[in-house]
Amino acid sequence: MREITFAGQRFIAQPSGALYWPGEDALIVADLHLGKSERMARRGGALLPPFESLDTVIRLEAEVLRLRPSRLISLGDAFDDDAAAGEIAPEIAGRLTRIAAQTELLWIAGNHDPIGLGRTVEETQIGPLTLRHIAGTGPDLSGHYHPKAQIARRSYRAFLVGRDHLILPAFGTYTGGLDCDGPELSSLVGAGVAVLTGPGMPVRPIGQSAARQSL
């Protein structure tokens, strides 16, 4: 775990890519993309093993059971499209029902899934922060970009923390990523840090060369 202070609020980044907000007792995730393999097959794309949705939901359920948050907030693209939301397997639906029985659900609409599950909103204001799918006027929490960061020549999903934006990594198993040092994220986030997921959760500056990256 790694503590993050953003906009005067304390957060605890989890190795899984989830973000816990102690002051609100809220667990926040972004970009589950449930049903991605099914959507790709339906549209004539690559045929991927159709197990990613179950893996994603198992990991999400484990985080809810471990942290016992009062509220679970999804920052958009929980499903890969609206058709996927209507075609989820019974086991996945059952696990989502169990999650809903453990905690209040707040679904923020994404560009892939404007419908979502439970209570769905375009964005919401909590304290000084706006929670939305795509970063806008800060300070805000968002997803959408699936940020990744490199350290020691390896790439990891990462939380990006700048002055105005805290962008979460994609939580879904079958999700790609955008390099945090690329022009789109560098210009959006500005000076800040990347908090990498996985063991140890190293922290490195955004926009620095590989030679200057540090743990």
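**Helix α2 and the cores**

Reader: How far apart are the end C-alpha atoms of helix α2, and what should its 16 residues span?
Author: The end C-alpha atoms of α2 (residues 52-67) are 23 Å apart, which agrees with the 22 Å its 16 residues should span at 1.5 Å a residue. The expected span is 1.5 Å times one less than the number of residues. This is a predicted model, in which local features need pLDDT of at least 70 and side-chain atom pairs pLDDT 80 or more, while totals for chains, interfaces and linings use all residues. Residues are numbered from 1 along each chain as its sequence is written, and side-chain values use heavy atoms, leaving out hydrogens and water.

Reader: Which residues of α2 are buried?
Author: Glu52, Ser53, Thr56, Val57, Leu60, Glu61, Glu63, Val64 and Leu67 are buried (under 20% relative accessible area, 1.4 Å probe, protein chains only). They cover an arc of only 165° around the axis, which puts them on the same side of α2; the arc is that of the directions from the helix axis to the C-beta atoms.

Reader: Changing topic, which residues touch the most other members of the largest nonpolar core?
Author: Ile4, Leu131, Leu141 and Leu166 do, in a core of 23 residues. Such a core is a set of buried Ala, Val, Leu, Ile, Met, Phe, Trp, Tyr and Cys residues joined through side-chain atoms within 4.5 Å. Another core, of 20 residues, lies apart from it and includes Ile12, Leu32, Phe79 and Ile99.

Reader: How much of the whole protein is buried?
Author: Of its 215 residues, 49% count as buried.

Methods:
Buried means under 20% relative accessible area, exposed over 50%, partly exposed in between (1.4 Å probe, protein chains only). Helices (H or I, at least four residues) and strands (E, at least two) are DSSP runs, numbered from the N terminus.
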